[in-house]
Amino acid sequence: MFQFPPLPPVLQIHRQVAFAIAGVFVAIEALFQLAEMGLVAGPQLRFETYAMFSFFDPWFDRLIAGEPTPMRVWWSFLTYAFLHGGMTHLLMNTAAFLGLSLLVLRIFGVPLYLVFFVATAVGGSLGYGLMSHAEAPMVGASGVVFGLIGVLKYAEFAFITRRPGAGSMRSFLGSIGALVLINVILAVAMGGMLAWQTHLGGFVAGWVAAWIVVPKA
């Protein structure tokens with residue numbers, strides 16, 4: 001029976017980091033599901049957790065206006081990314097997150113990957129806070145997902161522009177256009193429930209973070 005050869009130790013660690021973070025996503029949503037079935041905690045666990053750890057734009061607006069805000073605003077820039085709005089939301093984000101994480105980990109390693117995770121999560125919440133005026137809490141790892149796409153896209157852009165003939169700028173621009181189109185289609189299909197501002201903020205943060213760390217020559 002054919003078996004794939006084992007991964008080198010470094011890549012095994014990389015994979016473990018990605019799956020550990022994804023495991024947190026799954027564990028939190030599983031706890032919410034169990035609570036809603038009455039098996040653990042209380043049926044309001046999801047909303048109580050959202051109240052403490054989701055990103056809430058009205059509080060952000062008060063923060064930048066210099067008005068008093070609860071301490072939860074500060075950690076919500078990151079913690080919202082670990083919460084999801086149900087199993088479908090979780091599965092879509094986690095599948096994309098794992099695929100992209102394994103690529104970024106392979107290229108940049110664990111320390112930079114963790115920096116990218118934090119930077120893109122925060123970038124996603126800032127994008128949402130600055131461009132959205134929604135009253136509902138914002139949750140989900142999609143800011144990080146699009147942030148990791150931003151990291152990879154900058155790496156591709158740097159490779160193409162610094163090594164003539166290494167790739168096609170036309171294909172690169174086409175892939176960026178496809179990302180925009182996907183967001184437009186999803187936004188229309190979801191009736192305005194898509195937090196595209198988070199996607200944009202995460203992508204920009206990932207692009208900038210990669211620009212900072214990728215060698216310039």
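1. A nonpolar core is a set of buried Ala, Val, Leu, Ile, Met, Phe, Trp, Tyr and Cys residues joined through side-chain atoms within 4.5 Å. The model under review is a predicted one. The largest such core in this model has 42 residues, and Phe97, Val104, Tyr113 and Leu148 touch the most other members. At least two residues of this core come from each of the following helices: H1 (9–36), H3 (57–64), H4 (72–79), H5 (87–108), H6 (110–131), H7 (142–162) and H9 (196–213). Helix H7 supplies the largest share, nine residues. There is also a second, separate core; its six residues include Phe32, Ala35, Leu45 and Val139.

2. If residues up to four places away in sequence are not counted, Val104 touches Gly109, Tyr113, Phe116, Leu148, Val151 and Leu152.

3. The packing of H5 against H7 comes next. The two helices pack at an angle of about 35°, and their axes are 9 Å apart. Their crossing is left-handed. On the side of H5, the residues that meet H7 are Asn93, Ala96, Phe97, Leu100, Ser101, Leu103, Val104, Ile107 and Phe108. On the side of H7, they are Ser142, Val144, Val145, Leu148, Ile149, Val151, Leu152 and Ala155. Sorted by class, this contact has 14 nonpolar residues, three polar residues and no charged residues.

4. Helix H7 also packs against H9. Here the angle is about 40° and the axes are 6 Å apart. The two helices are therefore oblique to each other. The crossing of H7 and H9 is right-handed. From H7, the contact involves Ser142, Gly143, Phe146, Gly147, Ile149, Gly150, Val151, Lys153, Tyr154 and Phe157. From H9, it involves Thr198, His199, Gly202, Phe203, Gly206, Trp207, Ala210 and Trp211. This contact of H7 with H9 comprises nine nonpolar residues, eight polar residues and one charged residue.

5. Thr120 is a residue of helix H6. Is Thr120 buried or exposed? Its relative accessibility is 0%, so Thr120 counts as buried; the cut-off for this label is under 20%. Leaving aside neighbours within four places in sequence, Thr120 is in contact with Tyr80, Gly143, Val144, Gly147, Leu148, Gly202, Ala205 and Gly206.

6. In helix H4, the buried residues are Arg72, Val73, Ser76, Phe77 and Thr79. Among the elements that cover the buried residues of H4 are helix H2 (45–53), H3 and H6.

7. Phe82 is located in the loop between H4 and H5. Which residues does Phe82 contact, once neighbours within four places in sequence are left aside? They are Ile21, Val24, Phe25, Ile28 and Phe117. Phe82 and Phe53 are 29 residues apart along the chain, and their C-alpha atoms are separated by 9.0 Å.

8. Pro164 lies in another loop, the one between H7 and helix H8 (169–189). Its relative accessibility is 79%, so Pro164 counts as exposed; the label requires a value over 50%. Pro164 and Gly86 are 78 residues apart along the chain, with 46 Å between their C-alpha atoms.

Key: Residues are numbered from 1 along each chain as its sequence is written. This is a predicted model: local features need pLDDT of at least 70, side-chain atom pairs count only at pLDDT 80 or more; totals for chains, interfaces and linings use all residues. Side-chain values use heavy atoms; hydrogens and water are left out. Buried means under 20% relative accessible area, exposed over 50%, partly exposed in between (1.4 Å probe, protein chains only). Helices (H or I, at least four residues) and strands (E, at least two) are DSSP runs, numbered from the N terminus. Contact means heavy atoms within 4.5 Å. Axes are lines fitted to C-alpha atoms, for helices over the stretch in contact, and angles run from 0 to 180 degrees between N-to-C directions. Angles under 35 degrees count as roughly parallel, over 145 as roughly antiparallel, 65 to 115 as roughly perpendicular and the rest as oblique. A crossing is left-handed if the near helix is turned anticlockwise from the far one by less than a right angle, and right-handed if clockwise. Ala, Val, Leu, Ile, Met, Phe, Trp, Tyr, Cys and Pro count as nonpolar, Asp, Glu, Lys and Arg as charged, and the others, Gly among them, as polar.
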